[in-house]
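Please have the structure open while reading.

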Amino acid sequence: MLTAIQFHQLADMPPALTWFANIDNPQTRRAYQADLGEFMAFTGIERPEQFRIVTRAHLLAWRRDLERRTLAGATIRRKLAALSSLFDFLCEANAIAGNPVMGVKRPKMASQEGKTPAIGDHQARSLLNAPDVTTLKGRRDRAILSTLLYHGLRRAELCALVVGDIHQRRGVTHLRIHGKGGKLRYLPLHPATAEAINIYLELAGHASDVQGALFRPVSNNIRVGGTAITADGVYKMLACYAASLKIDAAGFGPHALRATAATNALEHEADIAKVQEWLGHANIATTRIYDRRKMRPEDSPTFKVNY
């Protein structure tokens, strides 16, 4: 129970600090902390209470400074979004009368197509066949690649999987995904992925460790209580196979496999609202970035011209 002193200390906490403590996602918290610190340094703010006197003029001056530094439009948009989130919270707490970020124009998105590349179907097949399946590492890598390409997981979601996240729901094997903001979603497990994972678990010997990490480093394989492969480990593993296959798409990485899975599903007539749920997107506009059906080269009028 709180003591009287603790109660009053919490009651006196500035709303700016309450807002920051309420951000669940650690990546968002780190990004917003950096953006907020940058704004405070620019304006000379030293105490949370000083946010109450910030005006639109301060925001316009900061935006001009960001543009002067030739930052990407998406970066400027995110920084302004961080400030807008804070001031919305201060408005709800009746700490300020209005949000000074409102009305501050943000850079337009250069394109509706995302910058993350989506590789072709033949390249995806080559990736799946690249690991040496005569080794434990090869079996693990094929299972990882299959999980990413058939289910569109984020890298962090893949690393967070435990053995017990593979389970039955209404008679169908599913993956339980621990998504952003602590949100859970359940995806039917593709038969090819199920086979790849089962073979890997049998060789690795930790199929019964239901609370343990699903995908683990092979250099120090432990049957019970082993740690998960790191996000950096997934990146390096994929980079190695991409180099061997001469996949040199700009920006290629684990997120490219998520873009590939989403693009492939949409091209094969998956409902975009279902794809949104499948990917764990909060906003369908994010999912539309992967909808490149109107941009397929084979459908271009270029190939309709006939002299």
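In this predicted model, α6 and α7 pack at an angle of about 155 degrees. That angle is over 145 degrees, so the two helices, α6 and α7, count as roughly antiparallel to each other. Their axes lie 8 Å apart.

**Contact of α6 with α7**
- From α6 (121–129), the residues in the contact are A124, L127, L128 and N129.
- From α7 (136–151), the contact takes in R142, L145, S146, L149 and Y150.
- Sorted by class, the contact of α6 with α7 holds six nonpolar, two polar and one charged residues.

**Contact of α7 with α10**
- Helix α10 covers residues 231–244, and its axis comes within 11 Å of the axis of α7.
- The two axes cross at roughly 95 degrees, a value inside the range of 65 to 115 degrees, and α7 and α10 are therefore roughly perpendicular to each other.
- On the α7 side, the contact is made by K137, R140, D141, I144 and L145.
- On the α10 side, M237, L238 and Y241 take part.
- Five residues of the contact of α7 with α10 are nonpolar, none is polar and three are charged.
- L145 of α7 is listed in the contact with α6 and also in the contact with α10.

**Contact of α11 with α12**
- The axes of α11 and α12 are 10 Å apart, and the packing angle is about 155 degrees.
- Because this angle is over 145 degrees, α11 and α12 are roughly antiparallel to each other.
- The crossing of α11 past α12 is right-handed.
- R258, A261, A262, A265 and L266 of α11 meet I272, V275, W278 and L279 of α12.
- By class, eight residues of the contact of α11 with α12 are nonpolar, none is polar and one is charged.

**Second largest pocket**
- The second largest pocket holds about 790 Å³ of space.
- It is lined by 29 residues, and those closest to its centre are L149, Y150, H151, H190 and W278.
- Two or more lining residues come from each of α6, α7, β3 (184–188), α9 (191–204), α11 (254–267) and α12 (272–279).
- Helix α7 gives the largest share of the lining, six residues.
- The lining of the second largest pocket divides into 15 nonpolar, six polar and eight charged residues.
- L149 and Y150 are among the residues closest to the pocket centre, and both belong to the α7 side of the contact with α6.
- W278 is another of the residues closest to the centre, and W278 of α12 is in the contact with α11.

Note on methods:
Residues are numbered from 1 along each chain as its sequence is written. This is a predicted model: local features need pLDDT of at least 70, side-chain atom pairs count only at pLDDT 80 or more; totals for chains, interfaces and linings use all residues. Side-chain values use heavy atoms; hydrogens and water are left out. On a 1 Å grid over the protein atoms alone, a cavity is a set of points where a 1.4 Å probe fits but cannot get out, and a pocket is an open set with protein on both sides within 12 Å along at least five of seven lines; lining residues have an atom within 4 Å of a point. Grid points are joined across faces, edges and corners, and a volume is the space filled by probe spheres set on the points. Helices (H or I, at least four residues) and strands (E, at least two) are DSSP runs, numbered from the N terminus. Ala, Val, Leu, Ile, Met, Phe, Trp, Tyr, Cys and Pro count as nonpolar, Asp, Glu, Lys and Arg as charged, and the others, Gly among them, as polar. Axes are lines fitted to C-alpha atoms, for helices over the stretch in contact, and angles run from 0 to 180 degrees between N-to-C directions. Angles under 35 degrees count as roughly parallel, over 145 as roughly antiparallel, 65 to 115 as roughly perpendicular and the rest as oblique. A crossing is left-handed if the near helix is turned anticlockwise from the far one by less than a right angle, and right-handed if clockwise. Contact means heavy atoms within 4.5 Å.
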